[in-house]
Amino acid sequence: MRPATDLAAQPKPASGKEFPYWLAAAALIAVAAALAIAASDLYSQVFGVVAKGIGITVFVTVVGFALACLIGLGIALMALSGSVVLRQVARFYVEIVRGIPILVLLFWIAFVGAPALVVGWNFLAAPLHRAGIVEPLLVRDVSLLWRAIIALTIGYSAFIAEVFRAGIQSVDAGQVEAAKALGLSPFQRFRLVVLPQAVRIILPPLGNDFVAMVKDSSLVSVLGVADITQMGKIYASGSFRFFETYSIVAYVYLLLTVGLSLALRALERRLRRAQEMKGSS
C-alpha cells in the first residue's frame with residue numbers, strides 16, 4: 001500500500017472535457033506544411049511522386065487487415081473450442097507467428113513460402129496439366145504485391161487472434177448460458193449474444209492494430225512494391241533530395257495515421273453513447 005503522501009502527490013484528473021491542444025497544434029503544423037508544399041515547386045513535385053503510392057498503401061492495408069481479421073477470428077475460435085487439438089494448434093500458431101519480426105516474415109513468404117506454394121500447387125494439379133486444362137504455375141505469376149499482403153496477413157492475424165480471444169472471453173458466461181437455455185444454437189449465441197458485446201472491447205485494440213498496419217505496410221517497399229515509401233525511395237535515389245523526400249513521406253503517413261486514429265476514437269465514442277442510451281432505456 002502506497003504512503004498517503006504519494007497518493008496526495010498524484011495529479012488529479014481535470015474536471016470536464018479537456019481541450020485537445022495537441023490536435024490543434026498538429027492541425028496548425030499540417031496546414032503550414034500543406035501551404036509550404038503548395039508554395040514550393042520542389043515540395044510539390046516530391047508530393048506528387050509520393051502520392052502515387054497512396055493507393056497501393058491503402059490497398060495493402062485494407063486487404064491485409066480484412067484477411068487478418070478473418071484468420072484471427074478463426075484462430076480465436078479454435079483457441080476457445082472444446083477440442084484440445086484445436087486449442088494447441090491455435091496456441092502454436094499464435095506463439096510462433098508473434099515471435100517472428102514482420103520484416104523477416106515478409107522475406108520468408110516472398111522468397112521461400114511463395115515458391116514452395118507454387119511447387120505444391122503444380123504437384124497437386126499435375127493431372128490437370130497433363131490434360132491441358134490449366135498451365136503450370138510459375139513463381140513470377142505470384143506478384144510481389146500479393147506476397148507482401150499474405151505476409152502482413154499472417155503476421156497480424158496472430159495478434160488479432162489474441163484481441164478476439166480476450167474480447168470473447170470478457171462476455172459474461174451467464175448470458176451465454178441464458179441464451180443456451182433459450183434454445184439458441186452455438187452460431188446464434190455467438191452472433192446474437194457474444195459478438196455484439198465483444199465488439200465494444202475489441203474495437204479499440206483492433207483499431208490500434210489497423211493504424212499499426214498502415215505504418216508496417218511501408219515494409220513492403222523492400223520487395224519493390226510501389227507504395228508511399230518505395231515511391232519516395234525512388235525519387236530520393238534519383239534526385240538526392242533526401243531531406244525533402246522523406247519529410248514528405250513522413251507527412252503523408254502522419255496524415256493517414258492521425259486521421260484514422262481520430263476517426264476510430266469518434267466511432268468508439270459513438271458506440272459508447274449508443275450503449276449508454278440503450279442501458280438507460
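Here's a quick tour of the salt bridges in this structure. Keep in mind that you're looking at a predicted model. The count comes to 5 salt bridges, and five residues, Arg91, Glu95, Arg98, Glu162 and Arg165, are tied together in a network of them.

**Across two helices**
- Arg91 pairs up with Glu162 in a salt bridge, and their closest N and O atoms sit 3.6 Å apart.
- That pair joins distant parts of the chain, since Arg91 belongs to helix 5 (residues 84-98) and Glu162 to helix 8 (residues 144-169), 71 residues apart.
- The two partners have their own accessibility labels: Arg91 is partly exposed at 32% relative accessibility, while Glu162 is buried at 15%.
- Why does Glu162 count as buried? Its 15% relative accessibility falls under the 20% cut-off, so the label "buried" applies.

**Inside helix 5**
- Glu95 and Arg98 bring their side chains together in a salt bridge, 3.3 Å from N to O.
- Both residues lie in helix 5, 3 residues apart, which is about one turn of the helix.
- Glu95 is partly exposed, with a relative accessible area of 39%, and Arg98 is also partly exposed, at 32%.

**Inside helix 8**
- Glu162 shows up again here, meeting Arg165 in a salt bridge at 3.1 Å, N to O.
- Glu162 and Arg165 are about one helical turn from each other because they're 3 residues apart in helix 8.

**Putting it together**
- Glu162 has a salt bridge to Arg91 and another salt bridge to Arg165.
- The network also takes in Glu95 and Arg98.

Terms used:
Residues are numbered from 1 along each chain as its sequence is written. This is a predicted model: local features need pLDDT of at least 70, side-chain atom pairs count only at pLDDT 80 or more; totals for chains, interfaces and linings use all residues. Side-chain values use heavy atoms; hydrogens and water are left out. A salt bridge is a side-chain nitrogen of Lys or Arg within 4 Å of a carboxyl oxygen of Asp or Glu. Helices (H or I, at least four residues) and strands (E, at least two) are DSSP runs, numbered from the N terminus. Buried means under 20% relative accessible area, exposed over 50%, partly exposed in between (1.4 Å probe, protein chains only).
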